[in-house]
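Try each task yourself before reading the solution under it.

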Amino acid sequence: MNDHTRYADLAWGLLYGTLDQEEKRRALQLAAAEPEFVDVLRREAALKNALEELKTAMPPEAKVRVLASIQGTRRRAVFQAVARKVLERTLPQAAGPVWEIFERSVLCSEQL
């Protein structure tokens with residue numbers, strides 16, 4: 001990992017509070033001693049501020065639609081899983097006698 005990548009990771013972690021104590025100490029030492037790290041830190045801070053400006057609250061109507069879509073998808077997945085299990089267990093037993101009748105009728109027709 002080169003210095004720039006390490007600096008970017010440390011700067012990001014410092015801004016978002018994800019560094020442990022040792023990393024935080026290292027980042028603060030770099031900020032005091034390395035102009036290149038300070039430059040990276042400024043750029044990361046500018047990116048963070050730009051992203052904060054883009055964040056907007058989701059309209060309540062959109063929240064309702066998204067939640068309904070998620071719940072509908074979940075319900076559909078549960079239904080499909082249950083239906084698959086039911087069909088796997090019952091279809092062979094239910095279709096067996098019908099299949100035998102079908103085989104007999106085909107065989108009888110061919111023998112005539």
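This is a predicted model: local features need pLDDT of at least 70, side-chain atom pairs count only at pLDDT 80 or more; totals for chains, interfaces and linings use all residues.

Residues are numbered from 1 along each chain as its sequence is written, and side-chain values use heavy atoms, with hydrogens and water left out.

**Exercise 1. The salt bridges**

Find how many salt bridges there are, and say which side chains form them.

Solution. Start with the rule: a salt bridge is a side-chain nitrogen of Lys or Arg within 4 Å of a carboxyl oxygen of Asp or Glu. That search gives three salt bridges.

- Step 1: Glu22 pairs with Arg25, and their closest N and O atoms are 2.2 Å apart. Both residues sit in helix 2, three residues apart, or about one turn of the helix. (Helices are DSSP runs of H or I with at least four residues, numbered from the N terminus.)
- Step 2: Arg43 meets Asp39 at 2.7 Å, N to O. These two are four residues apart in helix 3, so about one helical turn separates them.
- Step 3: Glu52 meets Lys55 at 3.4 Å, N to O.
- Step 4: now check accessibility, where buried means under 20% relative accessible area, exposed over 50%, and partly exposed in between (1.4 Å probe, protein chains only). Glu22 is partly exposed at 47%, and Arg25 is partly exposed at 39%. Arg43 comes out partly exposed at 43%, as does Asp39 at 36%. Glu52 is partly exposed at 40%, whereas Lys55 counts as exposed at 56%.

**Exercise 2. A charge without a partner**

Is Glu44 buried or exposed, and which side chain of opposite charge is nearest to it?

Solution. Take the location, then the partner, then the surroundings.

- Step 1: Glu44 belongs to helix 3, which covers residues 35–54.
- Step 2: Glu44 is buried and has no salt bridge. With Lys and Arg counted as positive, Asp and Glu as negative, and His and the chain ends not counted, the nearest side chain of opposite charge is Arg43, 7.4 Å away.
- Step 3: list the contacts, meaning heavy atoms within 4.5 Å. Setting aside neighbours within four places in sequence, Glu44 touches Ala8, Ala11, Trp12 and Leu15.

**Exercise 3. Rings**

Work out the geometry of the aromatic pair formed by Tyr7 and Phe37, then find which ring Lys48 lies over.

Solution. Rings of Phe, Tyr and Trp (its six-membered ring) pair if their centres lie within 6.5 Å; planes under 30 degrees apart are stacked, over 60 edge-to-face, and the rest tilted.

- Step 1: searching the whole structure gives three aromatic pairs.
- Step 2: one of them, Tyr7 with Phe37, is edge-to-face, at 5.5 Å centre to centre and 80° between the planes.
- Step 3: Tyr7 is in helix 1 (residues 3–16) and Phe37 in helix 3, so the pair ties together parts that are 30 residues apart in sequence.
- Step 4: Tyr7 is buried at 5% relative accessibility, and Phe37 is buried at 0%.
- Step 5: a charge sits over a ring if NZ of Lys or CZ of Arg is within 6 Å of the ring centre and within 35 degrees of the ring normal. Lys48 lies over the face of Tyr16, 4.9 Å from the ring centre.

**Exercise 4. Two C-alpha distances**

Get the C-alpha separation of Lys24 and Ala11, and also that of Glu34 and Arg74.

Solution. Place each residue, then read off the distance.

- Step 1: Lys24 is in helix 2 and is partly exposed at 39%.
- Step 2: Lys24 and Ala11 are 13 residues apart in sequence and 9.4 Å apart, C-alpha to C-alpha.
- Step 3: Glu34 lies in the loop between helix 2 and helix 3 and is partly exposed at 31%.
- Step 4: Glu34 and Arg74 are 40 residues apart along the chain, with 52 Å between their C-alpha atoms.
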